[in-house]
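Me: I have a structure open and I am new to it. Could you show me how to read a few of its features?

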Amino acid sequence: MADYRELWTSLDMDLEKHDQLCAVLPEAYGSTYLSQENRPEGMNYFNFVVSEIHGLRIQELAEHKEKDGKVVGTFCVFVPDEIILASKAIGVGLCAGSQFWVEDGETVLPRNLCPLIKAFMGAKLSGTCPYFQSCDMIVGETTCDGKKKAWEILDEHVPTYVMDLPQMKRTKDYNMWEQEIKLFIKKMEDITGNKVTVEGLRSSIDLMNKKRRALKRLYDLRKYTPSPISGLDSLLISQIAFNDDVVRFTEKVNELCDELDARISVMEEASASLEGDKERKKRIMITGTPMAVPNWKMHSIIESLNAEVVVEETCTGTRYFENEVSTEGETIEDLIKNLADRYLKINCACFTPNTGRIDDLVRYAKEYNIDGVIHSNLSFCHTYAVEYKGIERALKEKSIPVINIETDYATEDVGQIKTRVEAFLEII
């Protein structure tokens, strides 16, 4: 591995504390991921990305900035990547899934707040995340009250622009979101000095649609029984999607999917030659709050038992890639409307009502041949916690078993969660 300490120093990072973070990740990744059996060869690229997670990609961002390019950090699937790309900037999803950062976040935030918010704040305050340190601007959004107030504090440390997401999906809300996208375009043009043109925006829409298509292809392959790839590996791919180069990532996911197609063909031939039904693993859908790098806890627990995670109805799952943006239209206004229409199809718990999420869950349960659903909720995430009762009622009406598990990034509750999941698997 190359030595990036000079690069990290130029980003004004706390190298001593960063060393502590880097010392933990290889062991955690190795025990969680590299211990898996029969992993696809295509996962070697994603292993490499993790091994260089604070190195090669950060170097690419630095080279982009040396050419007067801008780097923009985001936290949410509602921020339109297409606008960032069309302004010739690079967008990076900022990871906030580590307990390591929570303590620093709590120096300016209350303890009884979502760990994701505390972690992203701590990542910046501690100077240990090179992605944060590479950003010229952070783009926040109003998906929850905790985030809305946290942006005010974050803005004291790095320029933070906030997109005002509507809380309902009426005609006036669509119109409002179109205006927000226009304002975001103006902001990106101001900080980059690059005009967002019809051709540029259409091209970036096409790039993002190809990326979504690749992820959709991966998820469709998981519908096969048994899944040709673990839920852990699929989660990792979804997490890397937020940081990696769009074109390269899309190519690597499609290469992996080619391998999985071949793997399925072999499995089908093998199963055809066997008599009787082999006992299969329980097929689990995870729904709830997003799982940012390196939050692999829930998948790791589930797949250590007689179960496989085959789909995630989360922002680090289907909500990220479902629905493409139409490229039809001749003007910027046409394409902005297309963007608004696509992004407001995301069924986040911040909306009221949010019955579309229930429809998605019921549909996925059938498409992926689900045995049970685990609703995973980060502590103090009130929107998803409140929404659970409606989810539970709707799924039980369809005879779909479901369990609610609330957790954070700490490991103290792993044993307790494993016991609960084990009991849930026995019931279903």
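This is a predicted model: local features need pLDDT of at least 70, side-chain atom pairs count only at pLDDT 80 or more; totals for chains, interfaces and linings use all residues.

Me: Let's begin with helices. At what angle do H7 and H9 pack, and how far apart are their axes?

Reply: Two packed helices are described by the angle between their axes and the distance between the axes. Here helix H7 (residues 115–125) and helix H9 (residues 145–154) have axes 10 Å apart, at an angle of about 10 degrees. An angle under 35 degrees counts as roughly parallel, so H7 and H9 are roughly parallel to each other.

Me: Which residues of H7 and H9 meet?

Reply: From H7 come Leu116, Ile117, Phe120, Met121 and Lys124, and they meet Gly146, Lys147, Ala150, Trp151, Ile153 and Leu154 of H9. Sorted by class, the contact of H7 with H9 has 8 nonpolar, 1 polar and 2 charged residues.

Me: How should I describe the packing of H17 and H18?

Reply: Use the angle and the distance again. Helix H17 (residues 355–367) packs against helix H18 (residues 382–397) at about 50 degrees, and the axes are 10 Å apart. That angle makes H17 oblique to H18. The crossing of these two helices is right-handed. On the H17 side, the contact is made by Arg357, Ile358, Leu361 and Val362, while H18 brings Tyr384, Glu387, Gly390, Ile391, Ala394 and Leu395. In this contact of H17 with H18, 7 residues are nonpolar, 1 is polar and 2 are charged.

Me: Now the backbone. Where are there cis peptide bonds?

Reply: Here is the general idea: most residues other than glycine have a negative phi, and most peptide bonds are trans. In this model, the peptide bond from Thr225 to Pro226 is cis, with omega near -5 degrees. Pro226 sits in the loop between helix H11 (198–221) and helix H12 (231–240). A cis peptide bond also joins Val293 and Pro294, with omega about -5 degrees. You can find Pro294 in the loop that runs between strand S5 (282–288) and helix H14 (297–303).

Me: And phi? Which residues other than glycine have a positive value?

Reply: Asp68 is one of them, with phi near 70 degrees. Look for Asp68 in the loop between helix H4 (56–66) and strand S1 (71–74). Its relative accessibility is 65%, so Asp68 counts as exposed. Asn323 has a positive phi too, about 70 degrees. The loop between helix H15 (318–321) and helix H16 (332–343) holds Asn323. At 34% relative accessibility, Asn323 counts as partly exposed.

Me: Let's look at a residue in a helix. Is Thr32 buried or exposed?

Reply: Thr32 counts as buried because its relative accessibility is 15%, and buried means under 20%. Thr32 is part of helix H2 (residues 15–34). A polar atom of its side chain lies 2.8 Å from the backbone oxygen of Ala28. Leaving aside neighbours within four places in sequence, Thr32 is in contact with Leu232, Trp296 and Ser300.

Me: What does Asp81 touch, apart from residues up to four places away in sequence?

Reply: Asp81 touches Met208, Tyr320 and Tyr343. The residue belongs to helix H5 (residues 81–86). Asp81 is buried, with a relative accessible area of 18%.

Definitions and conventions. Residues are numbered from 1 along each chain as its sequence is written. Side-chain values use heavy atoms; hydrogens and water are left out. Helices (H or I, at least four residues) and strands (E, at least two) are DSSP runs, numbered from the N terminus. Buried means under 20% relative accessible area, exposed over 50%, partly exposed in between (1.4 Å probe, protein chains only). A polar contact is a pair of N or O atoms within 3.5 Å; within protein, one must be able to donate a hydrogen and the other to accept it, and residues adjacent in sequence count only if both atoms are side-chain atoms. Contact means heavy atoms within 4.5 Å. Axes are lines fitted to C-alpha atoms, for helices over the stretch in contact, and angles run from 0 to 180 degrees between N-to-C directions. Angles under 35 degrees count as roughly parallel, over 145 as roughly antiparallel, 65 to 115 as roughly perpendicular and the rest as oblique. A crossing is left-handed if the near helix is turned anticlockwise from the far one by less than a right angle, and right-handed if clockwise. Ala, Val, Leu, Ile, Met, Phe, Trp, Tyr, Cys and Pro count as nonpolar, Asp, Glu, Lys and Arg as charged, and the others, Gly among them, as polar.
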